[in-house]
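Let's read a protein model together, one question at a time. Have the sequence and the structure open, and try each question before you look at the answer.

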There are 2 protein chains.
Amino acid sequence: MTSTLLDTNTPNAQPTPSYADIQSIVADDFEIMDKQVFGSLNSKVQLVMSVSQHVINAGGKRMRPLITLLCARMFDDHPSQSAMHLAAITEMLHTATLVHDDVIDESGQRRGKPTANATWDNATAVLVGDYLIARAFNLLVGFQSLPLLQVFSDGTCDIAEGEVLQLQHQHNPEATETDYLNIIDGKTSRLFMMATQGAAILQGKTEYMPVLGNFGQHFGNAFQIIDDVLDYSGDSELMGKNLGDDLAEGKPTLPTIKALELLKQSNHEGYEQLRVAVQTGKTPNAAQLIELVRQSGALDYCKLRALEETKLAQQALESLPDNRYRHGLYQLTELASARLL
Amino acid sequence: MTSTLLDTNTPNAQPTPSYADIQSIVADDFEIMDKQVFGSLNSKVQLVMSVSQHVINAGGKRMRPLITLLCARMFDDHPSQSAMHLAAITEMLHTATLVHDDVIDESGQRRGKPTANATWDNATAVLVGDYLIARAFNLLVGFQSLPLLQVFSDGTCDIAEGEVLQLQHQHNPEATETDYLNIIDGKTSRLFMMATQGAAILQGKTEYMPVLGNFGQHFGNAFQIIDDVLDYSGDSELMGKNLGDDLAEGKPTLPTIKALELLKQSNHEGYEQLRVAVQTGKTPNAAQLIELVRQSGALDYCKLRALEETKLAQQALESLPDNRYRHGLYQLTELASARLL
């Protein structure tokens, strides 16, 4: 069991549970959802099926659908089958964005497994990603709920816009924390919001939409900031990617943005080096640049920001029905924070 | 004025009108639609706006929205504003598929203008294509019509599947006419069907859905077969692309499929050459291969098949309200056929 950053403020806190512990709160629903992610693919085109199955198999922990399942149970201990189905669709949408991300970043591996673009080619990955987006909408229409379609179609636009905004700021050493927040709000937090709000719509609890939106947004922000810190401080084998990948792609994430700000303030000779690295994406001295970011104090700032976002997410939870499913959501935010240690 | 293939069977036929003539039947609607294609983009991300505007500007004749506009007026001489809006969305979806197609085919130009992937890069083109798909769905949700969403979300899946099926058969010299029809049914005809059926749903004329489906499918098939014939016989400057592009990409279109069949039947020595060209996509002797396809008699077969499809589309029109808008649709099918001469 790992203890969390948050524990330092709460002396009597229990140890953070594992992901499997949280998943077990909705074990049956999770199993059904997991089958439905595959079962929802019903293409008559063999290549669509094999690529989709490959990328869904190579998927991660299914955290977004877990959020949907916990939310649905939080509102109703016997939720409709729709919740499992919506959770599966959330994962399908998430997978579609990952497939396109890997094309864009020219990634050969994700979580230690070969990507679709590496296994097949870019063309196949682009088109199967398109199919997954289209199929997700197609399945959403099946719920016959216009409010649900509104949330998901607004959200999918925001996700795409967040991704383009990230590209717009690639190689931009002048990017600010506000730019960064706008990017992650779209590319990450929006789907967290959709995963929670969708469950509320299906369970007829739309009065909770604003508070769920808050929870999803802050949890998403915390999650992404932590992910970006790990790119400078994590265990690369554990993450299935290399340290400093973001820098090598010229992506100004919060650690870099803050490091540039701090190095500039202190007239540090490393400022110019880091600025040029972001601008060009050329990092022959990657290890030295990573060390520079670490030494700058930027990671401490990022950890504090992640902690703030986590706390805001946890505060939002307090307005929701108090039961073990809500507690599961709380534990998820703790678990995400724990990745920082 | 060009006369058409079809004229040979109808001695009193009038000369085929120009595209501008047909467009003028719904001139006011067309103008509103054209503005709405741009007006419907309201991203806060500057790069989304500039790329989207570029690709929509570089767009073609807006034939799919023209079909929607003619259908809407055919049902009601004073259609709602929704028809113009839906027509604009149809063009947006079409543009999204073209943007991704250009990434896949690594095209630098489309209709003589630089593509998004050439002007920016693949990453930008993939993500802005995603935005256009998401935004099209977002706007469709605005109609608050589940039947419309069903048709468009089913259709968008079919389009993506058709595109993947085309990839699956790339470099496959064993592809059959049935494989080809399955491909073009998805990648081309489905959007023609959506463009007509969407108008019927908005005008409350759902009894015409099956016949509109027939019209759209056969017109789409005819249009695509003609397009594929032009890749072997057309004026490359006029088309803004090179002759033999499909062959160089290893795409077994109907001309190649039929040529392979005919050459094999006659034990022609060129059979093996053409088979290897499809299989490898290597065409150092492109001009010779194009001539081989032309001489094989395959293009005559394709023209006959296009004519059959055109006639089936025209027959379907006979079950629809008889007015000048229906006549406009008829003229569009004639105009498409005329491209063969």
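Q: Which span should the 13 residues of helix H4 (residues 63-75) of chain A have at 1.5 Å a residue, and how far apart are its end C-alpha atoms?
A: Helices (H or I, at least four residues) and strands (E, at least two) are DSSP runs, numbered from the N terminus. The expected span is 1.5 Å times one less than the number of residues, so H4 of chain A should span 18 Å. This agrees with the distance between its end C-alpha atoms, which is 19 Å.

Before going on, two notes on the model. It is a predicted one, where local features need pLDDT of at least 70, side-chain atom pairs count only at pLDDT 80 or more, and totals for chains, interfaces and linings use all residues. Residues are numbered from 1 along each chain as its sequence is written, chains are lettered from A and ligands numbered from 1 in the order in which they are written, and side-chain values use heavy atoms, with hydrogens and water left out.

Q: How many of the residues of H4(A) are buried?
A: Buried means under 20% relative accessible area, exposed over 50%, and partly exposed in between (1.4 Å probe, protein chains only). H4(A) is mostly covered, and its count of buried residues is 13 of 13.

Q: What distance does helix H5 (residues 81-104) of chain A reach from its first C-alpha to its last?
A: Helix H5 of chain A has 24 residues, and 20 of them are buried. At 1.5 Å a residue, 34 Å is expected. The model comes close to that, with a reach of 35 Å.

Q: Is Glu106(A) buried or exposed?
A: Glu106(A) follows H5(A) and belongs to the loop between H5 and strand S1 (109-110) of chain A. Its phi is positive, about 50°, although it is not a glycine. Most residues other than glycine have a negative phi. With a relative accessibility of 70%, Glu106(A) counts as exposed.

Q: Is Arg62(B) buried or exposed?
A: Arg62(B) also has a positive phi, of about 60°, and is not a glycine. Its place is the loop between helix H3 (46-57) and helix H4 (63-75) of chain B. Because its relative accessible area is 7%, Arg62(B) is buried.

Q: What relative accessible area does Phe137(A) have?
A: Phe137(A) is buried, and Phe137(B) is buried with a value of 1%. For Phe137(A), the relative accessible area is 1%.

Q: What is the angle between the planes of Phe215(B) and Phe219(B)?
A: Phe215(B) and Phe219(B) both lie in helix H10 (residues 209-233) of chain B, four residues apart, about one turn of the helix. Both are buried. Their rings are 5.6 Å apart, centre to centre, in a tilted pair with an angle of 40°.

Q: Which residue lies over the face of Tyr301(A)?
A: A charge sits over a ring if NZ of Lys or CZ of Arg is within 6 Å of the ring centre and within 35 degrees of the ring normal. In chain B, the charged end of Lys61(B) sits over the ring of Tyr19(B), 5.8 Å from its centre. Over Tyr301(A), at 4.0 Å from the ring centre, lies Lys258(A).

Q: With which residues is Leu317(A) in contact, leaving aside its neighbours within four places in sequence?
A: Leu317(A) is found in helix H16 (residues 298-317) of chain A and is buried at 2% relative accessibility. Contact means heavy atoms within 4.5 Å. The partners of Leu317(A) are Phe215(A), Arg326(A), Leu329(A) and Tyr330(A).

Conventions: Rings of Phe, Tyr and Trp (its six-membered ring) pair if their centres lie within 6.5 Å; planes under 30 degrees apart count as stacked, over 60 as edge-to-face and the rest as tilted.
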